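Subject: Handing over the model

Hi,

Here is the structure I promised to pass on. Please open it and keep it beside this message while you read.

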Amino acid sequence: MKRYLITGGAGFIGSHLIKKLKKRKSKIFILDLKSKIFKNKKKLEGCTLIGGNISNKEIFKKINSKIDVVFHLAAKTSTAESQKRPHECKKTNINGTKNLCEWALKSKPKKIIFTSSMAVYGKISKNVNERKKLKPISVYGNTKKIGEEMLLKIKNKGIQIIILRLFNVYGPQQDFLNLKQGMLSIYLYQIFKKQIVKVTGSLNRSRDLIFIDDVINALTLRFPKNNNIIANVGTGKPTRVIELIKKIFIQLRINFKLDKIIKLREHRGDTFSSYANNNLLKSFNWTPKVTLQDGLKYTIKDLRKYH
Ligand SMILES: NC(=O)c1ccc[n+]([C@@H]2O[C@H](COP(=O)([O-])OP(=O)(O)OC[C@H]3O[C@@H](n4cnc5c(N)ncnc54)[C@H](O)[C@@H]3O)[C@@H](O)[C@H]2O)c1
């Protein structure tokens, strides 16, 4: 039986990951904030729960079992918030990752998989591959870059390091009420509730929107042993904000009119345009399977169920 630790396991990506790992013979440990664990108790049934903050190194002492594989997901994830409250973001994303590395050096898991972000690349990253020089423009992007560097420092200590740079992930069970993170979920919720769509920045900005199941397949890929890997996780296709909004209107069968959109000033630190070069991940037999059309359909179905 494999023993998995998921930091940030009570979040959006974490809860999907749990579902997949439960299908394997596994024991799953979740380390997440107490309040988040409490809120998501039902989804976490069957897992060993450790409530606490990763920026406090003492919390790692509560992992009282040998761990084979770590998924390090816990993070402050909003770019806009990271600009407003940089200290909070640094505390979790940098100090938390440092604490995880120190724990790992003692506990020696076989593998750590880290969810980094396309934000490490910077302003414009079109068809960007993993060798591009990293020039993050947000505090969030910078903390992810530092997190990568810290993990790579321990790669030769018998721990395999897999860094996955996720592009924009969306899907069922995303926090639709969180207006600070998740371009697709924010617009979808506003249109669904027949509110005015508030777009920060240009309608011509673009994102690489990747469905949650494809991300979970990437996180759980069987990578060759002993190789440390840094790979993008994206569809390889850009979607412009305006295109996305029109698609949502169509899928919700609501008439689209430009006056249903208001434009707000863009957040500092926001990437203008980005999409992944995903050839590296494809070379490990991964391929994105869910189209935006289908992904939206599944997400809307979930939204209707709960809102
Ligand atoms: N969702 C995306 O589009 C996307 C894109 C790129 C990278 N990522 C990365 O993927 C990971 C998971 O993202 P998500 O979308 O599931 O976000 P999420 O906010 O739903 O999950 C993050 C989890 O981390 C936990 N957390 C935050 N601070 C913590 C702390 N100090 N101690 C312990 N736990 C803490 C939160 O409670 C939450 O459950 C993050 O590392 C994020 O940066 C996500």
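Below are my notes on its cores, a helix, some charged pairs and the surface.

Before anything else, this is a predicted model: local features need pLDDT of at least 70, side-chain atom pairs count only at pLDDT 80 or more, and totals for chains, interfaces and linings use all residues. Residues are numbered from 1 along each chain as its sequence is written, and side-chain values use heavy atoms, with hydrogens and water left out.

Let's start inside. In soluble globular proteins, nonpolar side chains tend to be buried together. A nonpolar core here is a set of buried Ala, Val, Leu, Ile, Met, Phe, Trp, Tyr and Cys residues joined through side-chain atoms within 4.5 Å. "Buried" is under 20% relative accessible area, "exposed" is over 50%, and "partly exposed" is in between (1.4 Å probe, protein chains only). The largest core has 64 residues, and Phe71, Leu164, Tyr187, Ile245 and Leu281 touch the most other members. Helix H6 (residues 183–192) gives the most to this core, with 8 residues. Helices (H or I, at least four residues) and strands (E, at least two) are DSSP runs, numbered from the N terminus. The core also takes at least three residues from each of domain 1 (2–169 + 209–233) and domain 2 (171–208 + 237–277 + 285–306), with bounds from an automatic or database domain assignment.

What does Leu281 touch, leaving aside its neighbours within four places in sequence? Its contacts (heavy atoms within 4.5 Å) are Leu164, Ala218, Leu221, Phe223, Ala231, Asn232, Val233 and Trp286. There is also a second, separate core of 24 residues, with Trp103, Ala104, Ile112 and Ile159 among them.

Next, have a look at helix H1 (residues 12–22). With 8 of its 11 residues buried, H1 is largely enclosed by the rest of the structure. Those buried residues are Phe12, Ile13, Gly14, Ser15, His16, Leu17, Ile18 and Leu21. They pack against strands E1 (2–7), E2 (26–32), E4 (69–72), E7 (160–166) and E8 (168–170), plus helix H7 (212–219).

Now for the charges. A salt bridge is a side-chain nitrogen of Lys or Arg within 4 Å of a carboxyl oxygen of Asp or Glu, and by this rule the count comes to 12. One of them joins Lys110 and Asp68, with the closest N and O atoms 2.9 Å apart. This pair links distant parts of the chain, 42 residues apart: Lys110 sits in the loop between helix H4 (86–107) and strand E5 (111–117), and Asp68 in the loop between strand E3 (48–51) and E4. Lys110 is exposed at 52%, while Asp68 is buried because its relative accessibility is 13%.

Glu266 pairs with Lys123, the closest N and O atoms being 3.5 Å apart. Here the partners are 143 residues apart, Glu266 in the loop between E14 and strand E15 (273–276), Lys123 in the loop between E5 and strand E6 (124–128). Glu266 is partly exposed at 34%, and so is Lys123 at 38%. Shared partners also join Lys57, Lys98 and Glu102 into one salt-bridge network.

Last, the surface. Ile196, Ile262 and Leu264 make a nonpolar patch of about 230 Å². Patch residues have over 30% relative accessible area and no salt bridge; like charges are joined within 9 Å, nonpolar side chains (Val, Leu, Ile, Met, Phe, Trp, Tyr) within 5 Å. The areas come from the Shrake-Rupley method with a 1.4 Å probe, and for residues only the protein chains shown count as cover. Leu264 belongs to strand E14 (residues 261–264) and is partly exposed at 37% relative accessibility.

Cheers
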